[in-house]
Amino acid sequence: MSGPHRPQLVAHLPCFLHNTQEKAPQWQEGKVIAEAEGGDKGDDRGQWATITPEMMINEGFEEFYKAQGLLSSEEWEAFMDHLRTELPTTFRVTGSRAHAITINDLIKDKYVPTMQNVEWEGKKYPPPQQLSWYPEGLAWQISAPRRVVRKTEPFKNFQRFLVGETEVGNLSRQEAVSMIPPLLLDVEPHHLCLDMCAAPGSKTAQIIEALNPHHTESSGLLIANDSDYKRTHMLVHQTGRMPSKGLVVTNFDASLFPNISLGDENLQFDRILADVPCSGDGTMRKNIEIWKKWSAGDGNGLHGLQLRILQRAMDMLKPGGRLVYSTCSFNPAENEAVISAGLNSRPGQFSIVDVSDHLPLLKRREGITSWKVATQPEGSQSPLVYHESYAAYRERVESGEERERDKDPKRGLPETVWAPENVAELGLERCLRLFPHDQNTGGFFVCVLQKSSEAKSSAKPSVSKAADAEATPAVPVTAAAEEGESASTLKRAASPSAPDGPESKKVKQTPASSKIAKKQKRDLNFKEDPFSFVDPTNEEVVSIQNWFKLKESFPREHLLVRNEYGDPLRTIYLANAVVKAIIENNDYSRLRIISAGVKAFVRQDSQNRTEIGCKWRIPGEGVAEVLPHVGDGVVKVATIEDLRVLVEHAYPSIELFRKELRDWLEATPLGNVLMRFEAGEGAGGTMLSLRTFGEDICKPAPQRPKPTAGEDVKPASNAEAGAEAVGTDVGVEVDDGVVAGGEEEGVIFGGEEAGAEGEAEGEEAAMNA
């Protein structure tokens with residue numbers, strides 16, 4: 001965001017706790033509608049629906065899950081009561097940040113005490129509480145309803161804090177049970193990881209955190225994949241708050257995810273997360289439309305797709321590697337049935353890991369070893385019909401008692417939906433089932449699989465074979481899920497990878513891409529820009545190297561751009577060694593790469609400023625990666641008083657700074673420089689304005705009048721040019737205590753928080769001077 005439109009601190013951010021004008025749905029005459037509740041005019045920006053527990057009824061749902069024997073009759077009512085209550089808001093502190101404990105302590109010591117005994121409409125609500133089972137207590141739960149949060153001052157203040165910290169990546173809003181799979185994945189910084197169904201990205205962010213702890217250099221990889229083209233761009237946006245040079249975002253059908261060549265061998269993964277598309281009936285507390293639309297066919301119909309994704313993950317996993325399979329569904333057809341079929345399809349190669357000693361305070365139930373399979377031949381509102389075996393089901397199909405299209409075995413239920421004969425030998429009791437009434441959460445299923453060290457990995461499908469028929473064909477869901485009524489209840493829908501479009505123009509190829517093209521036919525429907533690496537001797541790279549005095553340790557050969565020729569035009573990315581091997585040995589369109597690496601340098605030159613010493617600046621995302629390689633004398637030490645000038649003014653004049661810095665600025669050539677702000681006692685904070693200075697000091701940017709027709713624009717003097725440049729690109733952004741200026745950053749975000757002893761650490765800043 002450019003300077004003139006720079007908003008004040010956190011004022012523009014979306015509400016963290018989902019305060020919206022959209023009305024919550026309820027049912028009337030079979031339709032999802034909204035019934036507004038009256039509120040105070042002027043103060044109430046939105047209207048809220050009245051939804052009563054009596055509306056949340058689905059007889060088929062209750063009958064089906066009672067028949068499964070998942071819970072005792074004594075706890076059934078508690079289970080259903082929790083399903084009918086609003087899901088608490090949960091969030092976690094980014095554990096990979098150096099200041100994670102400090103932010104957590106700030107929540108405990110500053111905000112929680114202000115929210116004791118908050119009362120609204122005659123009822124008291126508890127303050128946020130830590131999730132007891134989450135490591136180091138870095139996850140929190142807010143039990144107060146959303147309208148209470150937005151109506152009471154203590155919660156409103158806390159909400160503003162959450163918004164600001166979320167925007168800079170210090171916090172992530174995430175459902176509690178969704179945090180479990182990445183924790184059980186047990187990721188280390190050197191691991192090669194794959195998130196097969198990654199969007200919208202909350203679990204992906206957890207994996208990035210595990211790969212990139214603040215105290216360790218990461219050599220690992222995360223490929224975050226999703227079958228939906230639009231959702232992959234959402235994924236890029238979400239992961240942008242935690243940039244990683246080892247991150248690649250791809251757009252492929254997970255069940256046909258291709259082998260990836262590293263040159264001499266194919267890539268095998270140490271860790272794979274398969275959080276597969278599911279019916280989502282474990283999310284009824286937040287997706288209340290499922291109460292009306294639930295059908296036994298939802299889970300049955302997705303079983304085949306889920307099994308194919310699991311099997312593909314099994315084939316790509318390195319011997320000795322770990323695979324986590326998860327759904328937000330209660331249905332055994334999507335859970336134990338898929339795990340059983342997967343294990344039996346790869347006999348002796350995998351075992352279910354006993355994770356009962358992990359997250360010891362997490363209440364979990366064992367997986368089940370017997371379950372019932374049911375259909376609803378007449379639709380989602382019709383009676384359930386149970387089938388004791390696959391043979392019994394086929395008899396009903398052939399006799400015409402099931403749907404006509406089920407007579408085609410490819411469209412009917414597969415035999416793997418039923419429990420196999422060896423079900424007792426598979427160790428399904430080691431699976432985890434999470435129920436809402438145990439710890440006030442959503443419903444979830446998790447299974448941790450480990451591949452035998454003697455097992456072999458499959459080499460199918462290859463990039464070319466998986467993609468030759470279509471770029472990423474929509475996965476056909478079995479007939480039971482094609483009823484129409486239940487399509488919207490899916491957690492994710494199987495969808496085409498990219499919209500149809502004109503064929504790409506043929507372009508001249510570099511020798512490296514020509515070499516790949518001989519083996520892999522390019523997907524002309526894939527619209528994303530290509531990737532190529534920049535020659536380290538390129539004059540722009542040499543300019544960057546000289547300006548920032550980059551050390552020999554800087555990986556110049558890993559600089560990446562989004563064009564076929566390797567020309568640094570607007571943005572230069574930085575990738576690690578394994579990402580480079582992937583891009584150099586695979587055609588980007590066949591692998592359907594949406595994003596790779598982290599922004600390291602962004603072009604900032606102007607036609608009116610030919611005297612700029614270096615045309616490139618370091619954006620906020622890249623400071624943490626580039627800074628360790630910057631030479632001596634490049635970083636200028638400044639004070640909190642200097643920082644205050646930059647925070648307070650969108651376009652600060654040089655005269656506003658203290659004399660020492662003012663003299664330095666006037667003598668410094670135009671270009672990008674780094675500044676370290678040394679914080680004094682009590683001056684540190686992660687939201688610069690509010691916690692460094694105790695108030696929002698940001699002033700609106702002055703509006704420069706446009707020149708009238710025929711008016712000459714006089715060039716600025718050196719001093720004026722320097723003063724202008726100080727303000728042009730100073731929108732301060734902080735990531736792990738690193739403050740970076742950039743023309744696209746328009747909000748003041750948090751920096752390094754005070755250390756354990758209360759001494760604030762320094763903050764790094766990049767600004768143009």
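**Ground rules.** I am working with a predicted model, in which local features need pLDDT of at least 70 and side-chain atom pairs count only at pLDDT 80 or more, while totals for chains, interfaces and linings use all residues. Residues are numbered from 1 along each chain as its sequence is written, and side-chain values use heavy atoms, with hydrogens and water left out.

**Whole chain.** I found 23 helices and 30 strands in the protein chain, these being DSSP runs numbered from the N terminus (helices are H or I with at least four residues, strands E with at least two). Of its 769 residues, 57% are buried, meaning under 20% relative accessible area with a 1.4 Å probe, protein chains only.

**Helix 3 and helix 5.** I noted that the axes of helix 3 (residues 100–111) and helix 5 (residues 153–167) come within 12 Å and cross at roughly 170°, where axes are lines fitted to C-alpha atoms over the stretch in contact and angles run from 0 to 180 degrees between N-to-C directions. The two helices are therefore roughly antiparallel, a label for angles over 145 degrees. From helix 3, I103, L106, I107 and Y111 meet N157, F158, F161 and E165 of helix 5, with contact meaning heavy atoms within 4.5 Å.

**Cysteines.** How many disulfides are there? I counted zero, taking a disulfide as a pair of cysteine sulfur atoms within 2.5 Å. The sulfur of C278 has its closest cysteine sulfur in C328, at 3.2 Å, which is too far for a bond. C278 is buried, with a relative accessible area of 0%, and C197 is also buried, at 6%.

Conventions
Angles under 35 degrees count as roughly parallel, over 145 as roughly antiparallel, 65 to 115 as roughly perpendicular and the rest as oblique. Buried means under 20% relative accessible area, exposed over 50%, partly exposed in between (1.4 Å probe, protein chains only).
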